[in-house]
Amino acid sequence: MTRVITVGAAQLGPIARSDTRKQVVERLVAHLREARRMGCDLVVFPELALTTFFPRWFMTDQAEIDSFFEREMPGPATRSLFDEAKRLGLGFYLGYAELTPDGRHFNTAILVGKDGAIIGKYRKVHLPGHADHEPWRRFQHLEKRYFDISDTGFKVWHGFGGILGMAICNDRRWPETYRVMGLQGAEMILLGYNTPVHNAPAPEHDDLSLFHNQLSMQAGAYQNGCWVIGVAKAGNEEGVPMIGGSQIIAPSGVTVAATRGDGDELAVAACDLDACASYKTTTFNFAVHRMPQHYGLITSRKGAEPPP
Ligand code: CDT
């Protein structure tokens, strides 16, 4: 029996600060309906898919900050998304800002099964940007201010006939993200992102932003013999251009489906999980070829330290 998951990478165009959750959820539901027509099993939405990418603004009023967060999932604004996905027989990955009952703030993603039940929850590990107001920037990137660091780490779950993991945006640039899930047998890694074209500390990277996006995800897929699904919130959001480049990458590292523009757009591919084995049992047979006795610095040292 083949193990094929037909996946829809449900890219979103910009979400305005004034857009309501209801308006956004209607766009997500439109994606679900198109995905159903295209024969999908699983739809992957971006990071923080219910609001504009609010870390671009310095805010001090906690009530204003909390207005971008969800206290329940599903909650009143997202119940219709869960209901429609279940009715259509679709699972989904959704990124959102999570406010826990004990007052913690996370950049979170959930994996929801075709029955509408939450299979797994992931809270973002790598929070980029800065914690304090830096007015010299064209716009802020205050994830270190508004979010707590993950308490979940990188896990994987059984679902859709395979082993699936989740990551969020900046995580995709770090090889450890994929390898920690690869070591748990991940056959498909889902990740959403919001990536401004302009990176204030290194504007010389701006022209390479789509290349770096693809480079990181293709390497993660190939080096771990797994599918990677990367999905953008793209376009000019509140005056800040964000990259698209949503794509579905096979365990070979080859991109097999991709969006073309910067708006709401669905890229679909039938992903055969058994295609992972060709990599996981040969070049990247971890049990045979890895040499963890030589990798100690990966966990014992944080920053680079040249020899004396
Ligand atoms: N959302 C997110 O993590 N974005 C970062 C932006 C670059 S770091 C300031 C990313 O890695 O794409």
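This is a predicted model: local features need pLDDT of at least 70, side-chain atom pairs count only at pLDDT 80 or more; totals for chains, interfaces and linings use all residues.
**Entry 1: Leu127**

I began at Leu127, which touches Asn107, Glu143, Lys144, Phe147, Asp148 and Ile149, leaving aside residues up to four places away in sequence. Contact here means heavy atoms within 4.5 Å. I found Leu127 in the loop between β5 (118–123) and α4 (143–146). Helices (H or I, at least four residues) and strands (E, at least two) are DSSP runs, numbered from the N terminus. Leu127 has 8% relative accessibility, so I noted it as buried. For the terms: buried is under 20% relative accessible area, exposed is over 50%, and partly exposed is in between (1.4 Å probe, protein chains only).

Residues are numbered from 1 along each chain as its sequence is written, and side-chain values use heavy atoms, with hydrogens and water left out.

**Entry 2: Leu50**

Next I went to Leu50, in the loop between β2 (42–44) and α2. Leu50 counts as buried because its relative accessibility is 3%. Not counting residues up to four places away in sequence, its contacts include Arg21, Val25, Leu28, Glu70 and Met73. Ile15, Val24, Thr78, Gly95 and Tyr96 are also among the residues that Leu50 touches. The C-alpha atoms of Leu50 and Glu265 are separated by 16 Å, and these residues lie 215 apart along the chain.

**Entry 3: Helices α1 and α3**

I then checked how α1 and α3 pack. Two packed helices are described by the angle between their axes and the distance between the axes. Helix α1 (residues 21–37) and helix α3 (residues 79–88) pack at about 5°, with axes 10 Å apart. The axes are lines fitted to C-alpha atoms, for helices over the stretch in contact, and angles run from 0 to 180 degrees between N-to-C directions. The pair α1 and α3 is therefore roughly parallel; the cut-offs are under 35 degrees for roughly parallel, over 145 for roughly antiparallel, 65 to 115 for roughly perpendicular, and oblique for the rest. On the α1 side, the contact is made by Val25, Leu28, Val29, Leu32, Arg33 and Arg36. On the α3 side, I listed Ser80, Leu81, Glu84, Ala85 and Leu88.

**Entry 4: Salt bridges**

How many salt bridges does the structure hold? I noted 22, a salt bridge being a side-chain nitrogen of Lys or Arg within 4 Å of a carboxyl oxygen of Asp or Glu. Side chains of opposite charge can pair when their charged atoms come close.

- Arg21 pairs with Glu70, and the closest N and O atoms are 2.7 Å apart. This pair links distant parts of the chain, 49 residues apart: Arg21 is in helix α1 and Glu70 in the loop between α2 (62–66) and α3. Glu70 is buried, at 9% relative accessibility.
- Asp264 and Arg27 meet in a salt bridge at 2.7 Å, N to O. They are 237 residues apart, with Asp264 in the loop between β13 (255–258) and β14 (265–272) and Arg27 in helix α1. Asp264 is partly exposed at 39% relative accessibility, and Arg27 is partly exposed at 22%.
- Arg137 and Glu134 meet at 2.9 Å, N to O. Arg137 is buried, with a relative accessible area of 13%, whereas Glu134 is partly exposed at 22%.
- Glu98, Asp102, Arg104, Lys121, Arg123 and Asp151 are linked in a network of salt bridges.

Most residues other than glycine have a negative phi, and most peptide bonds are trans. With that in mind, I looked for exceptions.

- The peptide bond from Met73 to Pro74 is cis, with omega near -5°. Pro74 sits in the loop between α2 and α3.
- Phe160 has a positive phi, near 55°, and lies in the loop between β6 (156–159) and β7 (162–168).
- Cys169 also has a positive phi, near 40°. Its place is in the loop between β7 and α5 (175–182), and Cys169 is buried at 5% relative accessibility.
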